[in-house]
Amino acid sequence: MTVWLSSRVMQSMALYARELSPLENGGILLGWRSGEDRIIVDLRGPGRLALHGQHCFVPDHKWQVAEIKSAFEASEGDLDYLGDWHSHPDGVAEMSDLDSATLLRIARSVTTPLMLIVAGSQTDWIPRCWRGEIVRPLFRRRLMATPEELKIFDPSTVWPRRTAVLPSLLRDFTS
Ligand SMILES: [Zn+2]
């Protein structure tokens, strides 16, 4: 799996992250599934009732569900929920135990969701992405979180709709 991240979404995450640093900030990732690949083209922030700690972030779940629904409808079913993102201010882009628990919870209702973490400070944020999968689905459900290759692309040149987007096309946009 390759995760394609729009440079605009990356910039927005950095702004959100910087805004609340040293507290964590986060939200949801919206985009497309193309075979094994994921293409992140939009995001939402935390929502009004989210909780922001120095080492934890709890999104406003109810708000997020409503946002996913309205994004889906506004795009005529084009934009899909792909996973969650949050910041690790002055930290490293690694999954904490809490992050794993969150990804496991998401993986119970969404197939192979993503967890994207941006770590850093000020204007310098490094993204990393994991894919969550439930192993042993029938017995004691466990999460397998696999780090995925992340590529940033620039959507500003040409912006085809989902049907026209293929990973081979996106490769031309990456620097
Ligand atoms: Zn975290």
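A: From the N terminus on, the elements of the protein chain follow the order β-α-β-β-β-β-α-β-α-β-β-β-α, which comes to four helices and nine strands. The model is a predicted one, in which local features need pLDDT of at least 70 and side-chain atom pairs count only at pLDDT 80 or more, while totals for chains, interfaces and linings use all residues. Residues are numbered from 1 along each chain as its sequence is written, and side-chain values use heavy atoms, with hydrogens and water left out.

Q: What makes a stretch of residues a helix or a strand here?
A: Both are DSSP runs, numbered from the N terminus: a helix is a run of H or I with at least four residues, and a strand is a run of E with at least two.

Q: How many disulfides does a search of the whole structure find?
A: The search finds zero disulfides, a disulfide being a pair of cysteine sulfur atoms within 2.5 Å.

Q: Which residues of α1 are buried, and what puts them on the same side of the helix?
A: The buried residues of α1 are Ser-7, Val-9, Met-10, Met-13, Ala-14 and Ala-17. They cover an arc of only 155° around the axis, so they lie on the same side of α1, where the arc is that of the directions from the helix axis to the C-beta atoms. On the other side of α1, Arg-8, Gln-11, Leu-15 and Glu-19 are exposed.

Q: What makes a set of residues a nonpolar core, and which residues have the most contacts inside the largest one?
A: A nonpolar core is a set of buried Ala, Val, Leu, Ile, Met, Phe, Trp, Tyr and Cys residues joined through side-chain atoms within 4.5 Å. The largest such core has 17 residues, and those with the most contacts inside it are Met-13, Leu-29, Ile-40, Leu-116 and Val-118. Its largest share, five residues, comes from α1. Apart from it lies another core, of 10 residues, among them Ala-93, Ala-107, Ile-117 and Leu-143.

Q: Why is Thr-102 called buried, and which residues does Thr-102 touch?
A: Thr-102, found in helix α3 (residues 97-107), has a relative accessible area of 16% and is therefore buried. Not counting residues up to four places away in sequence, Thr-102 touches Asp-84 and Met-115, contact meaning heavy atoms within 4.5 Å.

Q: Why does Ala-71 count as buried, and how far apart are Ala-71 and Leu-30?
A: Ala-71 belongs to helix α2 (residues 61-74) and counts as buried because its relative accessibility is 4%. Ala-71 and Leu-30 are 41 residues apart in sequence and 8.3 Å apart in space, C-alpha to C-alpha. With residues up to four places away in sequence not counted, Ala-71 touches Leu-30, Arg-44 and Leu-79.

Q: Why is Glu-76 called exposed, and why is Thr-112 called buried?
A: Glu-76 has 70% relative accessibility and so counts as exposed, while Thr-112 is buried because its relative accessible area is 15%. Glu-76 is placed in the loop between α2 and β6 and has a positive phi, near 55°. Thr-112 lies in the loop between α3 and β7, and its phi is also positive, at about 35°, although this residue is not a glycine.

Q: Which peptide bond is cis?
A: The bond from Ser-21 to Pro-22 is cis, with omega near 10°, and Pro-22 is found in the loop between α1 and β2 (26-34).

Definitions and conventions
Buried < 20%, exposed > 50% of the residue type's maximum accessible area, 1.4 Å probe, protein only.
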